[in-house]
Structure formats: C-alpha cells, structure tokens
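Biologist: I would like a close look at one strand and its surroundings. Please walk me through what pairs with it and what packs against it.

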Amino acid sequence: MFIRHPSAPSIDPRIVEALSQVCTSTLGHLRDYGFPRGLTPNVRPLKFVGTAVTVRLPHLDSTAVHVAVDDLRPGDVLVVEQSGDEQRSCFGGLVSFTAKTRGAVGAVIDGQINDIEEMSGYGFPAYSRGISALTTRIAGIEGAINVPVSVGGVVVKPGDVVFADSDGIAIIDPAEALDLAAVLKRKEDAEIPTREKIAAGARISDFSGAAKHYL
Ligand SMILES: O=C([O-])CC(=O)C(=O)O
Ligand SMILES: [Mg+2]
C-alpha cells in the first residue's frame, strides 16, 4: 500500500540562519535525545539545516524514494527509514543528483548509500549506515511519504528540523529551534574567552566544574 502525504511547511529561514552558526555537539552537551545513532557522513566537513521530508520503505522497494525526491523543495532534507533493512542502498548517484537539483540540502538514510564517488562529486551530504553495492529496486509494492519514521532510534516527523554537521545529526521540533539555537550560541560564545584563559594557564577543570569534584 502506498501512502503519500504532502510535505510539511518549510521551516522558518531564521531557524536555518541561527542553527547554521552553532554545532550539533553543543546540543549534545545539553540533552540525550534526538540524535540518530550509528550513521556517518559521506563527506566532511559538512553542515546543513533543513526541513524533514520523510520516506518509509518496506524492504527492497524504493519506489517511494524516487517519487519523493522528484518533489523535494529548496531547503528540504530527505530522511529515509528502511524498516530495519540496513544492508541495502536506496540512495545513489541519480537520486542524489535529483535531490541536489531540486535544492535539497542533505539526506539522512537509515540504510546504505551507493555511487559514492558520483555523489561526493556533487558535494551532496548524506548521512547513512555505510556504502554498499547491494541496492534497493523499483518494485512498486509499497512505501510511505511524509509519515513519521524511525531513523537511528529517533522518530522524525515531516517538517522537523534536521540539524547536521561534521559531528552528527540532531532532530529538533521547529517550535523550540530558535530558543535552542540561542542557548547553543551563548554556550559557544562563552568558550571564546575561556580559550584565551586556558592558553594563559587557567584550567579546563575549573571552567567545566570538574575540579570541584576532586577537592
Ligand atoms: O536508483 C537508486 O535507487 C540508487 C542509485 O543507484 C542511484 O540513485 O543512482
Ligand atoms: Mg545509480
């Protein structure tokens, strides 16, 4: 059975602007959820912030991916669940070329990717579980577009903020993204004078609070 919902509204450009200035691992210092596990990028350095367009594949049938990429919008991020089949690639050279041509800013694939040299040549960033020549097929059996999906242990809803850089990926509710970005910026800005102080002899354990546990 095929399910095809329209894409959620694109995220506020101010969210893209604000999160583009901070790091995913700064958020990782503050919370433990929303980080898909076990995925690595095809290129580094990388940075993208975009609107989740989700696809759930049933198994080897990637019909839904090919339909979804045709409709990607500037600023979208394709997020694909493969129903636990982590061994196959649904995302290769032609699919990534289509995504890039439509203006998508990245992809998060809970499976493998292929045509790695072609894709990297486009400079298109894709997080995945690895690289494989074993691909999916266009079988026309089933698939779902813009439904909640599970990727690396995290539920991603259509329209969620996908915040990715060289350190990893964080999935954020758009309603909290601007406030969160401000918190991350304050935390990162606080490190600037601290670097100068450490270079002048101050201790990181005093800055982080670790020292007080060893009094
Ligand atoms: O077509 C696919 O599903 C994967 C692929 O090889 C491509 O995107 O070129
Ligand atoms: Mg190919």
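Modeller: Start with a term: two strands pair if DSSP finds at least two bridges between them. Keep in mind that this is a predicted model.

The part to look at is strand β13, residues 161-165. Take its cover. β13 is mostly covered, with five of its five residues buried. That holds on both faces of the strand. One side carries V161, F163 and D165, and the other carries V162 and A164.

Now its partners. β13 pairs with β3 in the antiparallel sense, over five bridges. Find F48 and look across: its bridge partner in β13 is A164. Next comes strand β14, residues 168-172. β14 and β13 also run antiparallel and are joined by five bridges. Here D165 has G168 of β14 as its bridge partner. The link between β13 and β14 is a hairpin of two residues.

Next, the core. The largest nonpolar core has 55 residues. V162 is among the members that touch the most others, along with V77, L78, V79 and V108. Strand β3, residues 47-56, supplies the largest share of this core, with five residues.

Zoom in on V162, which sits in β13 on the side with A164. Leave out residues up to four places away in sequence, and V162 touches G50, A52, V77, V79, V108, I169 and I171. G50 and A52 fall within the range of β3. I169 and I171 fall within the range of β14.

V108 lies in strand β6, residues 106-109. Why does V108 count as buried? Because 30 C-beta neighbours lie inside 10 Å of V108, and the cut-off for buried is 20 or more.

V108 has its own list, again without residues up to four places away in sequence: P36, L39, V77, V79, Y127, V151, V162 and I169. Compare that with the list for V162.

One last pair gives a sense of distance. V108 and A181 are 73 residues apart in sequence. In space, their C-alpha atoms are 21 Å apart.

Conventions: Residues numbered from 1 in each chain as written. Chains lettered and ligands numbered in written order. Predicted model: local features only at pLDDT ≥ 70, side-chain atom pairs only at ≥ 80, totals over all residues. Core = buried A, V, L, I, M, F, W, Y, C linked by C-beta atoms within 7 Å. Buried ≥ 20, exposed ≤ 12 C-beta atoms within 10 Å, placed from the backbone. Helix = DSSP H or I, 4+ residues; strand = E, 2+ residues; numbered from the N terminus. Contact = placed C-beta atoms within 7 Å.
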